[in-house]
Amino acid sequence: MLSFLPRMAAAPPSYCFVAFPPCSKDGLVVFGKNSARPRDEVQEVVYFAAAEHEPGSKVECTYIEIEQVPRTHAVVLSRPSWLWGAEMGANEHGVCVANEAVVTREPASESEALLGMDLVRLGLERGATAKEALDVIVALLEEHGQGGNYYEDGNSCHTFQSAFLIVDRNEAWILETSGKYWAAEKITEGVKCICNQLSLTTKIDAEHPELRNYVKSQGWWNGDSDFNFSEVFSLADEHLACCSGRESLEKQGGDVSAQAMIDVLRDKDSGVCVDSESFLTTASIVSVLPQDPSFPCIHYFTGTPDPSRSIFKPFIFVDDVKLVPKVQSPSFGNDDPAKKIPRFQEKPDRRHELYKAHEWARSLLESDQDKGQKLMRIMLDLEKQGLEAMEDILSRTEILDPAEVVDLFYDCVDTELKFFK
């Protein structure tokens, strides 16, 4: 019997952060996420250009097909390589979205529908602001619902509800869902963290029109007390503050930068960087969004597990950006076990070239500490050079020449691979 698994299963302990001025440096909005997933799962970094679509065309998501829109924005995504959606990513308009699996008192559906990770990509492809992305996600949730296996596992169906952190240059929205019902809070200042527990309380700036009637009908709220989303939807005593990393960012005063966010994501002592028996931080992202729209947004991806042993490489949206096959997993087309029914009867080797090189570096760190530490110092120096070059771009007065960064991410991955070899 699988029906009891979703309710009992712990959601993977991922962490998402956003910092706004005055907590962040130089008028920047800084966004970050560690994606905790099953230890052996591979994440890839993929770019999809903006595209026009024929009227009436469909898009095939992880499990279901839905109506396509006339135009989709350019997106860069970090995603488990077996699925269509993404754990986190950004679009050409400076919108960033990250997803959290959450458990609520309402068991998540095993029926195949949209995954929370599909909704990340759909929000990015269809929303030019954080609020537009939120509106896209909740409309699709209403129309198609959420459900289906969160993991590439043919033995058990692991299902979760979804929470999202949706950010642009001006504001962020925390969106939390249970089935098709949802509530959202708008953030414009300070530091916020979300994790694998519900966090919305009584400050709700938008919600499903039937939300309160629904919870009353379930006997979860009497209508007399203040409506507290986490208390109503959490399993007993789970609506507790979950974010240790937030304190580290708040201690930075007004100096939260890309480097400060990277340091928080690397912190194993706080639990933000997950390395447990079941779960590992399989990929990470940090994005820097200048509030001045004349400056480009910069998105740093690891594309490899464990940010304490990975380096963050910058990506900037420009036309004709160079694709990076070395961080893309092999494609199995219609023969992919994730697409065949019954699903996940086999697990193909999804490792990309950078992942394999990183595995070698990890084994070196474990087997020969001196050599491993020396390699890590070289890699961190490479990362520092990248961060300084990006700071230089954000401090210039002249407009960025796209030709300067068209192969930025490609070159960084290429250099990383050369050091590994």
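At what angle do the axes of helix 8 and helix 10 cross? Select residues 353-367 for helix 8 and residues 408-420 for helix 10: their axes come within 10 Å and cross at roughly 35 degrees. Axes here are lines fitted to C-alpha atoms over the stretch in contact, with angles running from 0 to 180 degrees between N-to-C directions. Helices are DSSP runs (H or I, at least four residues), as are strands (E, at least two), numbered from the N terminus.

Before moving on, note that this is a predicted model, where local features need pLDDT of at least 70, side-chain atom pairs count only at pLDDT 80 or more, and totals for chains, interfaces and linings use all residues. Residues are numbered from 1 along each chain as its sequence is written, and side-chain values use heavy atoms, leaving out hydrogens and water.

Next, jump to N34 in strand 2 (residues 28-38). N34 is buried, with a relative accessible area of 1%. The N34 side chain reaches two backbone oxygens: that of L265 at 2.7 Å and that of V272 at 3.0 Å. Finally, pick out the residues that N34 touches, among them S14, Y15, T281 and P307.

Key
Buried means under 20% relative accessible area, exposed over 50%, partly exposed in between (1.4 Å probe, protein chains only). A polar contact is a pair of N or O atoms within 3.5 Å; within protein, one must be able to donate a hydrogen and the other to accept it, and residues adjacent in sequence count only if both atoms are side-chain atoms. Contact means heavy atoms within 4.5 Å. Lists of a residue's contacts leave out its neighbours within four places in sequence.
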